[in-house]
Amino acid sequence: MIHNFRDLGGIKNSRGQAIPSGLLFRSANLNAAAPSDLNGISTVIDLRTDIGRERAPDQIPENISYHSIPLFDAQAAGIARSASLDTVPDMVTLYRKMITEHREAVQAVLSIIFTHDFSSGGILWHCTAGKDRCGVITAHVLAALGVDRDTIMADYMLSNAACIPEADAIRESLLTAGKSQEEADKVWNAFIAKEEYMNAALDEMTFEENSEFQKKIFRYYEP
């Protein structure tokens, strides 16, 4: 089973075109994925650092193309799902830096997505929790398809259905270990999706539509 997995199919752009299902996917890591979980997907992009990949290696069938493109280095990743109080980053700053300081990595990921051959299957991109790095890439993909900012934010916030239960458990474990409420809440806030985080990235983004990518996606669109 894949954590925080979803198909972007059904999201509508500003012209009312719905993204067809089975083409664009986002998720958390694929460490627990069964081959059947990836049916219909021909390419996977892993946005995690080397440390993240080593801790929870993706389980990917040999017939799926795999690309490892870390969106930032291990130091910038900070939290690394460790719940260590010493490594919890300022999330607003982290989201902003993903746009301002890691453009080359973002563009490398988008290049693979925009040039993907969808006749071979869909494409999936993921990070560790499917929220932060994955969320920023998804924002770019949706913007390229003409999706407005409010709809991009709504998709991002869907991650809380998966992230809040995990964050709750981590906060409880920290409190049980003797950490203060303030310390536990700091970690909890880093593990959930918050509009202020994504707004920091969206404020730095240029919302450019990609007509060629739109042609590739919406050729499968049926009103």
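## About the model

The structure is a predicted model, in which local features need pLDDT of at least 70 and side-chain atom pairs count only at pLDDT 80 or more, while totals for chains, interfaces and linings use all residues. Residues are numbered from 1 along each chain as its sequence is written, and side-chain values use heavy atoms, with hydrogens and water left out.

## The sheet

Strands of a sheet pair through backbone hydrogen bonds, either parallel or antiparallel. Here five strands form an open sheet in the order 1-2-5-3-4, with mixed pairing. Strand 1 (6-7) and strand 4 (65-68) stand at the edges and have a single partner strand each, so one side of each is left without a neighbour in the sheet. Strands (E, at least two residues) and helices (H or I, at least four residues) are DSSP runs, numbered from the N terminus, and two strands count as paired if DSSP finds at least two bridges between them.

Strand 3 (residues 41-46) and strand 5 (residues 122-126) run parallel and are joined by five bridges. Within this pairing, Ile 41 has Gly 122 in strand 5 as its bridge partner.

The structure holds 13 salt bridges, a salt bridge being a side-chain nitrogen of Lys or Arg within 4 Å of a carboxyl oxygen of Asp or Glu. One of them pairs Glu 209 with Arg 15, whose closest N and O atoms are 3.3 Å apart. This pair links distant parts of the chain, 194 residues apart, with Glu 209 in the loop between helix 9 (195-202) and helix 10 (211-218) and Arg 15 in the loop between strand 1 and strand 2 (24-27).

Another salt bridge is formed by Arg 149 and Asp 203, at 2.7 Å from N to O. Arg 149 lies in helix 6 and Asp 203 in the loop between helix 9 and helix 10, 54 residues apart.

## Buried or exposed

A residue is called buried under 20% relative accessible area, exposed over 50%, and partly exposed in between (1.4 Å probe, protein chains only). Glu 209 is partly exposed at 44%, and Arg 15 is partly exposed at 45%. Arg 149 is partly exposed at 32%, whereas Asp 203, at 54%, counts as exposed.

Arg 26 and Asp 155 form a salt bridge with their closest N and O atoms 2.7 Å apart. Arg 26 is buried at 0% relative accessibility, and Asp 155 is buried at 6%.
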